[in-house]
Amino acid sequence: MNWLLDLTPDEWNAVRLSIKVATVAMLASLPPGILIALLLARGQFWGKTVLNGLVHLPLILPPVVTGYLLLLTFGRRGPAGAFLAEHFGIVFSFRWTGAALACGVMGFPLMVRAIRLSIEAVDRKMEAAAGTLGANPLWVFATITLPLILPGLIAGAILAFAKAMGEFGATITFVSNIPNETQTLPSAIYTFTQVPGGDEGALRLTLISIVISMAALVASEVLARRVGRRLDIE
Amino acid sequence: MSVLVDISHRLGGFAIDARFESAGRLTALFGASGSGKTTLIDMIAGLIRPDRGRIEVDGRVLVDTDAGIFVPKHKRRIGMVFQDARLFPHLSVAGNLRYGRWFTPPAERYADIDAVVDLLGIGPLMNRRPAKLSGGEKQRVAIGRALLASPRLLLMDEPLASLDEARKAEILPYVERLRDETKIPIVYVSHSVAEVARLASDVVMLAQGNVVASGPTEAVMQRLDLLPAEERGEGGAVLDTRVLHHDETFGMTVLGSAAGELRVPQLAMKAGTPVRIRIRARDVMIATEKPTGLSALNILPGTITAMSPGEGPAVEVGIDCNGATVLARITEQSRQALKLHLGGKVFAVIKTVSFDRANTGAGLPAEADG
């Protein structure tokens, strides 16, 4: 056990950074994830197929391609990157925020899929009933739809978190592999495997990776079951 | 209080073109399935937008397609009880009940939660989840939820249709109390003659998307020819009567009606209580002389005012008994044998035991008229 927890400062940083990046990526993609899932599940508009395709693109593109596209768009000289840096002081390139962006984008299709499925399963008659009781559409969403899709929301969030914990290709392409800034667990493991005598460190971080992922999975199961029991769908 | 509906609407291959106006305390939209009653009620609730037309509740215009008016459902303050209850599964019974109240402007909250819970007998259910309720309990909670939003009008879309007979019998008295003890006007969708005859003050009869008859229940329900085929056997006269006294010796109650005294199986109601009864046409026999040596206890003298062919060998005969019309379904053979003709003096004969729970219910209090 001591062997497992006896991490070097750099290794600790990689663990902490990974959790921070994955948490931020998950939380930041929840609001747009819900919105896009709603649009795809309920919207009737021109270009819905295109939007669906765009959302799923990171799932099928090589991660390196996604990372490179992010670099072109959100890099210092990229259109979005330059705009955000100039007006809001938000910089992505070679920062941990960039890692979070890359992880968020890569996990986005998984999150949207899970939420979309749960929205499609909602009985719209319940929402109509809430409307006749005086709730306007926003209140209906907040008090009926949102609680009913909570299990899907949790599942989607955990999937995005797990994906972020394991994201490697897009992250390393977009923000490189800088210890203490952008070196997440997978990057750190990769680095260990590239140097002589790094096996022990790689194995330690691998085991830690497994523990964190398992914990996230178990947490989601427990949460989803608790919510499910409360719902007791008729 | 009045409801005015005048709409036309097309749904796929089905066209609905209906106009009615009702100021009744409980107006039944009655017709076979597919006659358009649920579409109409959904339009009043704001769940469907009609292609063309106008809907007014109590003088307030909710829909006027010519003027471009369409009040969204959450601003109509019209309560709705759905056939499938639609209780929110993530809320307790108490949470469901309080839901609509929350969205009602405080100045317009007239419904009192204790009174409603008491009226519907749902006090013991407050902490339960909807999934743990029986069908009848769900429906009572759904009624309470709609009432507690303090609606101006209550719509009920076949609230009993998905329940078995025992559950129906459990809910019906609550609907009667709702009709008699609250001031909220009700529009009630049903395809059951028994329910409509028992509950409605007014009936709007629909067939293939059109209104074929409308008016007071006693008058509309006489149109046996308009009843949906599967309900025709249930059709008959609807009479508003009053308990005169009980005959404890034989376990009977004597009712007073315009047509004369009627003896029915004993009812647990005080003398003077109004009782609504339905006399199925198939339960009525006709005699040309006052019968003797007959077991039937109810023999009402009257005059034949209408005769029309019924289904198969049947003839439907309307008998005016001192102002109240009793309907009888007999065979053409009997009609000829008895030489029945319009204006002929006859006796309507009804067995006491033909009155069962399904066709005796609490009558509308007298002040309901008008």
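## Basis of the model

The model is predicted, and local features need pLDDT of at least 70 while side-chain atom pairs count only at pLDDT 80 or more, whereas totals for chains, interfaces and linings use all residues. Residues are numbered from 1 along each chain as its sequence is written, with chains lettered from A and ligands numbered from 1 in the order in which they are written.

## Chain A

Chain A contains 11 helices and zero strands, where helices (H or I, at least four residues) and strands (E, at least two) are DSSP runs numbered from the N terminus. Its C-alpha atoms fill a box of roughly 70 × 45 × 30 Å along the principal axes. Of its 234 residues, 40% count as buried, that is, with 20 or more other C-beta atoms, placed from the backbone, within 10 Å of their own.

## Domains of chain B

An automatic or database assignment divides chain B into domain 1 (3–226) and domain 2 (238–364), whose C-alpha centres lie 32 Å apart. Across the boundary, 15 residues of domain 1 of chain B are in contact with 16 residues of domain 2 of chain B, contact being C-beta atoms, placed from the backbone, within 7 Å. On the domain 1 side, α5(B) gives the most, with four residues.

A:A102 touches residues including A:L70, A:F174 and A:V175, not counting residues up to four places away in sequence.

Terms used. Two residues are in contact if their C-beta atoms, placed from the backbone, lie within 7 Å. A residue is buried if 20 or more other C-beta atoms lie within 10 Å of its own, exposed if 12 or fewer, and partly exposed in between; C-beta atoms are placed from the backbone.
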